[in-house]
Amino acid sequence: MEIFGFGTIEILRFLHILIFVYWLGGDLGVYMAAGYVARRDLAFDERMRFLKLLMTLDMVPRYCLILMLPVGFQLATSLGYLDLSGVHMALIWIMAAAWLALVRTLHKQEKTTTGEKLRKLDMGIRYVVLGALLLAGGLGLTTGYPVAAPWLAIKLILFAGVMTLGLLLRRCVAKWMTGFRLLGEDKEKAEDLITEGRRTAAGYARLLWALLMIMGFLGVAKPMP
Ligand code: HEM
């Protein structure tokens, strides 16, 4: 396939980098907004507005995580690092599109019973994908199959690490929500919960960025070919 004279690989490479940029950028936005949410000196309404902004911004890394998988696998297959058939790739794309639609619907219906069911389904998918990536990366590193290039196998393992940190970050957000609900009853305890949630989340976020950067570096440098 060619678009304006550029082949599939150039387009996939570009998309791969674009997703990387939006992922890190989106995460940075979430991090900054979180700082305002945790500020005790701001009015409650203002903090809630930042929380809303945070939740909206947080959708960017969520979409990027999902999109990175089909784009990365397609890139790796096109370059001959992975031996996936057209049917396998088509399935990966279809599953990613369905997962993306699920996450989008979930965001819109968060506080409904359907939303709760979709949330559980999304969590289930995350654990399956996480396990599959760990398995593929681990087997690749130890046996050379299904991923022969160690740098790519490590990327898959790190991706599983990124997904784990994403799950841990959700717990922090849950702590925040409890904190905000408590604000009317026990302000001191609520503020402590929010501050603690912010501190833990900041640590996870920094680790997540480091993993993303290492994955980017591995893609550029391809050490241990
Ligand atoms: C958050 C996750 C990821 C990040 C941040 C990331 C980042 C990058 C970057 C910056 C490059 C260099 C691109 C270039 O030099 O043109 C790259 C290359 C590459 N990535 Fe990823 N990547 C991620 C996930 C994946 C996944 C899941 C796969 C596949 C399973 C993958 C497969 C590849 C391949 C095959 C290359 C080599 C491209 C080439 O030689 O031009 N990446 N990655």
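## A first look at this predicted helical protein

In this predicted model, confidence within the protein is lowest in strand β1 (residues 2-3), at a mean pLDDT of 73, and highest in α3, at 98. The pLDDT is the predictor's confidence in each residue, from 0 to 100. For the protein, the mean is 95, and 100% of the residues reach 70 or more. Because this is a predicted model, local features need pLDDT of at least 70 and side-chain atom pairs count only at pLDDT 80 or more, while totals for chains, interfaces and linings use all residues. Residues are numbered from 1 along each chain as its sequence is written.

**Overall layout**

The protein has seven helices and two strands. Helices (H or I, at least four residues) and strands (E, at least two) are DSSP runs, numbered from the N terminus. Reading from the N terminus, the order is β-β-α-α-α-α-α-α-α. Taken along the principal axes, the C-alpha atoms fill a box of roughly 60 × 35 × 35 Å.

**How the helices pack**

The axes are lines fitted to C-alpha atoms, for helices over the stretch in contact, and the angles run from 0 to 180 degrees between N-to-C directions.

| Helix pair | Angle | Axes |
|---|---|---|
| α1 (residues 8-37) and α3 (residues 59-78) | about 155° | 9 Å apart |
| α4 (residues 86-108) and α5 (residues 113-143) | roughly 140° | within 9 Å |
| α1 and α7 | about 165° | 11 Å apart |

Let's begin with α1 and α3, which pack at an angle of about 155°. That angle makes α1 roughly antiparallel to α3. Angles under 35 degrees count as roughly parallel, over 145 as roughly antiparallel, 65 to 115 as roughly perpendicular and the rest as oblique. The crossing of α1 past α3 is left-handed; a crossing is left-handed if the near helix is turned anticlockwise from the far one by less than a right angle, and right-handed if clockwise. Among the residues making the contact are I9, L12, I19 and W23 of α1, with V60, L67, V71 and L75 of α3. Two residues are in contact if their C-beta atoms, placed from the backbone, lie within 7 Å. By class, this contact of α1 with α3 has 13 nonpolar, six polar and two charged residues. Ala, Val, Leu, Ile, Met, Phe, Trp, Tyr, Cys and Pro count as nonpolar, Asp, Glu, Lys and Arg as charged, and the others, Gly among them, as polar.

Helix α1 also packs against α7, at an angle of about 165°. This makes α1 roughly antiparallel to α7, and their crossing is left-handed. The contact includes F20, W23 and Y31 of α1 and A205, W209 and G216 of α7. Its residues divide into eleven nonpolar, one polar and two charged.

In the remaining pair of the table, α4 passes α5 in a left-handed crossing. Among the contacting residues are W99 and L106 of α4 and L118 and I125 of α5. This contact of α4 with α5 has seven nonpolar, two polar and two charged residues.

**Around the ligand**

Of the 19 residues around the ligand, G72, A76, M215, G216 and G219 come nearest. A residue is near a molecule or strand if its C-beta atom, placed from the backbone, lies within 6 Å of it. Two or more residues of the shell come from each of α1, α3, α6 (150-182) and α7 (187-221). Helix α3 gives the largest share, six residues. By class, the shell has 13 nonpolar, four polar and two charged residues.

**Two backbone details**

Most residues other than glycine have a negative phi, and most peptide bonds are trans. A cis peptide bond joins Y145 and P146, with omega about 5°, and P146 sits in the loop between α5 and α6. K222, in the segment after α7, has a positive phi, near 45°, and is a residue other than glycine.
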